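Here is a short briefing on the fold you are about to look at. Have a browse first, then come back for the notes.

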Amino acid sequence: MFGRVVKFINTTALCAVVLFFIACNNGGASAPEAGAQKLKAVVSGYAPYAIAEAVLKDAAALQMLVPPGTEAHSFEPTPQNAAAIQNADFFFFTSGRMEPWAMEISDGRGIALAYELPNNNPKDPHVWMDFDNTLAMANNMAMYVARKYPQLEAQLLQNTSDFNRQIQMLKRLYGQTLANCQTRDIYHVGHSAFGYIARNYNLNFKPLIGATFEGEPSARDMAQMIKEIKTKNLSYIFTEEVLNSRLAEVISKESGARLLNLYTIEGVSKEEFENKTGYRRFMMLNLQNLSKGLSCA
Ligand SMILES: [Zn+2]
């Protein structure tokens, strides 16, 4: 129901008033009120964390299980993580493909946000790299929380609606910026996390490593990548934050192309986490570097 609600609120202000009225008269379970104790929401990694920051805002205290500075795909949960989930009101994760450990550790209580996505590629778990998917995940999260705590529905509607507006702006900016670029090749010394962006904006994404960090890149793969970068005479190539930076430096040096960073958002550095960088800012940084690296107009 919440999904329909959020779509509807964008088209008519009257609807918002009506829904607000319904939300406020829903009675419902013991929701935290202003100044009362917050909800406790545990999230798997940074992508659901960033969505929860936008959707739940002050309504919930968030705990992220994959620590900042670690690689998300190889994460193994601890018994403390299981206890944190048991003590929380909600446990959100992305999907069984992204976090294969999530359902087991949560005794089935975990909520996968990546369902009924408009643009799902089952082979690529980095669904939040598509803006419409991210909005669907935000809606799904809001729906679950509003169902359990109806008193929060109006607040969640407002937050989700604000997020929707911000993301639509970002989406337009991506479309405009990436429409005219001198090259459309993204040579990425990293894993296959940007397939959605490549598909949505007609870019050729060439990652060195597969979708979930499985397997080391071979010397042959590296040599092939260097050869192609040199042949195409590219000024810039890309890398990502959590990866061993030596690999990227070697390929940069050998190919003569300079490195730019792309943020996967599945992980986050300690500094970025403490600075509350957030989904929008990371996607904006990605656009800036793509625009620079691909020489977009
Ligand atoms: Zn990944």
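Which strands does helix 12 (residues 278-293) lie across? Helix 12 lies across strand 7 and strand 8, and its direction is at about 155° to strand 8. Angles run from 0 to 180 degrees between N-to-C directions, with axes as lines fitted to C-alpha atoms, for helices over the stretch in contact.

This is a predicted model, where local features need pLDDT of at least 70, side-chain atom pairs count only at pLDDT 80 or more, and totals for chains, interfaces and linings use all residues. Residues are numbered from 1 along each chain as its sequence is written.

**Overall make-up**
- The protein has 12 helices and eight strands (DSSP runs numbered from the N terminus: H or I of at least four residues for helices, E of at least two for strands).
- Of the 297 residues, 39% are buried, meaning that 20 or more other C-beta atoms, placed from the backbone, lie within 10 Å of the residue's own.

- Four strands form an open sheet in the order 6-5-7-8, with parallel pairing (strands pair if DSSP finds at least two bridges between them).
- At the edges are strand 6 (204-207) and strand 8 (258-262), each pairing on one side only.
- From one strand to the next, the twist averages 35°.
- Strand 5 (residues 185-189) and strand 7 (residues 236-240) run parallel and are joined by two bridges.
- H188 has F238 in strand 7 as its bridge partner.

**Helix packing**
- Helix 10 (residues 245-255) packs on the sheet and touches strand 5, strand 7 and strand 8.
- The direction of helix 10 makes about 175° with that of strand 7.

Note on methods: Buried ≥ 20, exposed ≤ 12 C-beta atoms within 10 Å, placed from the backbone. Contact = placed C-beta atoms within 7 Å.
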